[in-house]
Amino acid sequence: MRFPTKDANRHLAAISLDLDNKWSYLKVRGTPGWEKFPTYLDIFIPQVLEELKNLGLSITFFIVGQDAVLEQNREALQLLTKTGHEVGNHSFHHEPWFHLYSREQIKEEIQRAHDLILENTWKAPIGFRGPGYSWNQDLIEILAGNGYLYDASSLPTYLGPLARIYYFWTSRLSKAEREKRSELFGGFKEGLRPVKPYFWHLPSERFLLEIPVTSTPFFKIPFHMSYLIYLASYSESLMFNYLRFAVALCKIRGFGPSFLLHPLDFLDADLVPDLAFFPAMTMSRDKKIRLFRGVINILSRHFQLVDLRTLAQNILESHRKKSRSFS
Ligand SMILES: [Zn+2]
């Protein structure tokens with residue numbers, strides 16, 4: 001199945017996938033054994049690349065530095081750039097309380113992951129996404145200072161606190177661990193942030209493009225793949241109607257979404273039994289892949305689907321044209 005990809009009249013929409021590994025889910029939940037960094041990347045990456053190839057899609061994969069250290073993951077990570085996908089930086093430790101780090105710690109996280117991604121995939125990342133959508137002002141300045149073109153960490157939604165309650169409810173954490181995770185997924189004020197891409201203009205005269213993970217314009221409800229699959233566990237037609245509604249709102253606002261994927265959108269409890277606690281893991285991976293194809297079919301009818309680098313360069317180019325015509 002191949003979808004049309006070139007049409008000058010359609011907005012660009014970006015597809016990206018956060019390569020959150022098995023150990024990172026176990027770690028956030030406080031499950032022992034994560035310290036050995038159990039992985040599924042060697043199984044998952046070849047599988048998802050095959051699916052993307054059949055759909056004719058090039059996307060952005062955000063890599064966690066810790067995974068690039070392990071020999072077992074290397075071949076799979078190299079496949080990403082060999083097959084023409086973009087690689088982005090997803091921090092070294094993938095700790096969702098990243099926004100609580102000191103400036104020095106943030107610098108270290110970014111540089112260490114950057115070097116490992118470059119060494120293992122032979123491509124230097126120009127984009128960053130914070131673990132668990134966490135970000136702060138120091139992060140933006142460090143990225144701009146390191147020559148990054150865009151940050152993709154923000155997820156403007158009012159539902160962050162509800163996601164956090166769900167996590168606490170399903171995990172076994174001590175009081176100290178809960179405190180560390182107290183701002184997981186952001187507060188209600190995250191919902192006030194813009195849905196459309198925008199520029200950070202920094203005191204250092206530098207700038208950085210912010211490409212938020214798109215939530216529905218006006219309502220700020222997520223529609224990334226995991227959320228859609230969660231809806232589909234109740235009703236597939238509800239899921240597809242909600243997606244069409246979100247697409248229509250993006251078109252009214254005059255932009256293409258940044259659409260987010262995760263490995264668990266393609267895996268099931270059969271393949272990864274230790275993550276059976278996660279929402280929608282009882283849904284079969286065959287069904288998940290069928291839903292994914294349906295979602296891509298709808299998105300590609302309305303937008304030209306690209307990786308985040310292409311979207312970022314396109315936004316930058318049209319911004320330059322506009323400022324030239326005003327000068
Ligand atoms: Zn992540």
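This is a predicted model: local features need pLDDT of at least 70, side-chain atom pairs count only at pLDDT 80 or more; totals for chains, interfaces and linings use all residues.
1. Ground rules. Local features need pLDDT of at least 70 and side-chain atom pairs pLDDT 80 or more, while totals for chains, interfaces and linings use all residues. Residues are numbered from 1 along each chain as its sequence is written, and side-chain values use heavy atoms, with hydrogens and water left out.

2. The zinc site. Have a look at the zinc ion: Asp-20 (OD), Asp-20 (OD), His-90 (NE2) and His-94 (NE2) coordinate it at 2.1 to 2.6 Å (donors are N, O and S atoms within 2.8 Å of the metal, or 3.2 Å for Na, K and Ca; water is not among the atoms, so sites may look incomplete). Along the chain, the donors are spaced as D-x69-H-x3-H.

3. His-90 is buried because its relative accessibility is 1%; buried means under 20% relative accessible area, exposed over 50%, and partly exposed in between, with a 1.4 Å probe and protein chains only. His-94 is buried too, at 5%.

4. Arg-10. This residue sits in the segment before β1 (12–18), strands being DSSP runs of E, at least two residues, numbered from the N terminus. With 14% relative accessibility, Arg-10 counts as buried. A polar atom of its side chain lies 2.4 Å from the backbone oxygen of Ser-300, and a polar atom of the Arg-10 side chain is 3.1 Å from the backbone oxygen of Phe-303.

5. Phe-219. You'll find Phe-219 in the loop between β7 (207–210) and α9 (225–232), helices being DSSP runs of H or I, at least four residues. At 44% relative accessibility, Phe-219 is partly exposed.

Definitions and conventions:
A polar contact is a pair of N or O atoms within 3.5 Å; within protein, one must be able to donate a hydrogen and the other to accept it, and residues adjacent in sequence count only if both atoms are side-chain atoms.
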